[in-house]
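Trainee: I would like to go through this model and ask what stands behind each term.

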Amino acid sequence: MESTSTPSSAPAAPEAAAAGIAGPAPATGTLGVLLPGLGAVASTFIAGVLAARAGLKPVIGSVSQLAPLEGPDGPQPARRIKDAVPLASLDDLVFGGWDPISANALEAARTAGVLTEADLNPISSELEGVVGMDAVFDRRWVKRLDGHRVKQAMGKWDQALALIDDIERFRAENHCDRLVMVWCGSTEAFQQPSEVHATVKAFEAGLKADDDNISPSQIYAYAALQCNVPFANGAPNLSVDLPCMRELARERGVPIAGKDFKTGQTLMKTIIAPGLKTRMLGLRGWYSTNILGNRDGEVLDDPENFKTKESSKLGVLDTILEPETYPELYGNIDHVVRINYYPPRGDNKEGWDAIDIFGWMGYPMEIKIDFSCRDSILAAPLVLDLVLFMDLAARAGAADVQDWLSFYFKAPQSTDGPVVNDIFSQLEVLKSTLRTWAA
Ligand SMILES: NC(=O)c1ccc[n+]([C@@H]2O[C@H](COP(=O)([O-])OP(=O)(O)OC[C@H]3O[C@@H](n4cnc5c(N)ncnc54)[C@H](O)[C@@H]3O)[C@@H](O)[C@H]2O)c1
């Protein structure tokens, strides 16, 4: 199979539409949600949608469902985003995924321990019905996990073909009109892009040669794009943040987005840093530390996997504070991020921030934040919004990197321009894009 072939039945979006922003086609029929990684985030997300559909729980934290879309000249008349733009309905979602350990979403939810049995009971059979397909998995990229539900003894090219088969089988069996894939798998070991990632041709040659630089998440991304399935990356590893994947996304007319869900500590950082800058207060240092006891924390306990996360977490301050423009305020910042695996906490991460600021005449002050959060409770609504917005973008014919979804990511991918990390600027871009698609 060459990159120009069309292994799926879905047509590539027309080039004219892919280049710009057109009115989206209606959201009719079933939207399949494919999740590589059926762990804490994925199972909490699926459970929340099922509970909302049954009228049992509200969708707190979902901007697509709850936030207003104001008119261009102010807040009135404001409708909820879900009523103003043609999004898929929660009732139209079906779920699937892959995992090397979890057999199904119910088992994953119980292992993760995020939700109580009382909340899982009413939706347990639906969760159990989301059965994990055998994963493309390689321990070299996630040393702390030992997966056994994996595609056995295959080269990387055959793994890609097997994933394409999985995607098309899922599409047919569930009568899906459209699909979206969101990587909710473990953070892979740190890597820099290499020659094999430079072009689609090089990547396909690399798959055939079992190139060591190709990670499992990249094989999922390749398979998704070959099937015209939008791909969003919730982890910091390189998946679609690569020249070859951008080339393929453009060629096939498919939206991509990443990387690393912006949830606990980085969410706070991108809320507080713009506030300090608004008042022209100086920053001397920001020390962030976390204790986390879930499987994600265990994976991130390995230095190579932590390095991937660290680079995504460290990037945010500079783009918000602009030290080149304000050297007297932000020219000398020590920014440190630590994560420690501490099993007693499970998914309930505690993040501390010691922030050293300075004010009038340079006098120092300190801010302390202690955020006892629930990691997957914060991440689940982001998965929902990304699913619905990536599907919207695909129906509008928008291809390549979706900068307007930076709001959701710690290390946003951008088309070519500067990366925006300030959450308020990100929200503006999100809403102004949605306004162009409002019905
Ligand atoms: N929870 C948050 O707030 C948050 C925020 C930002 C990013 N993330 C990222 O989201 C991802 C998921 O987080 P989580 O808390 O659900 O972790 P988790 O460990 O509970 O789930 C990850 C799942 O991915 C599976 N997996 C590993 N390699 C795989 C592969 N090659 N194919 C398919 N499945 C694979 C693991 O078996 C595991 O079940 C992690 O990468 C995490 O760093 C989470």
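Mentor: Start with the domains: the assignment gives domain 1 (15-261 + 377-437) and domain 2 (265-372). This is a predicted model, in which local features need pLDDT of at least 70 and side-chain atom pairs count only at pLDDT 80 or more, while totals for chains, interfaces and linings use all residues. Residues are numbered from 1 along each chain as its sequence is written.

Trainee: How many residues of domain 1 are in contact with domain 2?

Mentor: Contact requires C-beta atoms, placed from the backbone, within 7 Å. By that test, 27 residues of domain 1 are in contact with 25 residues of domain 2. On the domain 1 side, 14 are nonpolar, six polar and seven charged. Here Ala, Val, Leu, Ile, Met, Phe, Trp, Tyr, Cys and Pro count as nonpolar, Asp, Glu, Lys and Arg as charged, and the others, Gly among them, as polar.

Trainee: Why is the ligand said to lie between the domains?

Mentor: Both domain 1 and domain 2 give residues to the shell around the ligand, so it lies between them. The shell has 36 residues, the closest being G37, G39, V41, A235 and R295.

Trainee: Which helix gives the largest share of the shell?

Mentor: α17 does, with four residues. Helices (H or I, at least four residues) and strands (E, at least two) are DSSP runs, numbered from the N terminus.

Trainee: Why is β10 called an edge strand?

Mentor: The open sheet has the order β10-β9-β11-β12, with mixed pairing. β10 (334-341) and β12 (364-372) each have a single partner strand, so one side of each is left without a neighbour in the sheet.

Trainee: How do you know that β9 and β11 pair?

Mentor: Pairing needs at least two DSSP bridges between the strands. β9 (residues 282-292) and β11 (residues 350-358) have nine, in the antiparallel sense. N290 has G351 in β11 as its bridge partner.

Trainee: Why is the chain called as compact as a globular protein of its length?

Mentor: The chain has 18 helices and 13 strands. Its radius of gyration is 21 Å, close to the 22 Å from the globule rule for 439 residues, so the description holds. The radius is taken over C-alpha atoms, and the rule is 2.2 Å times the number of residues to the power 0.38.

Definitions and conventions: Near = placed C-beta within 6 Å. Domains from an automatic or database assignment. Contact = placed C-beta atoms within 7 Å.
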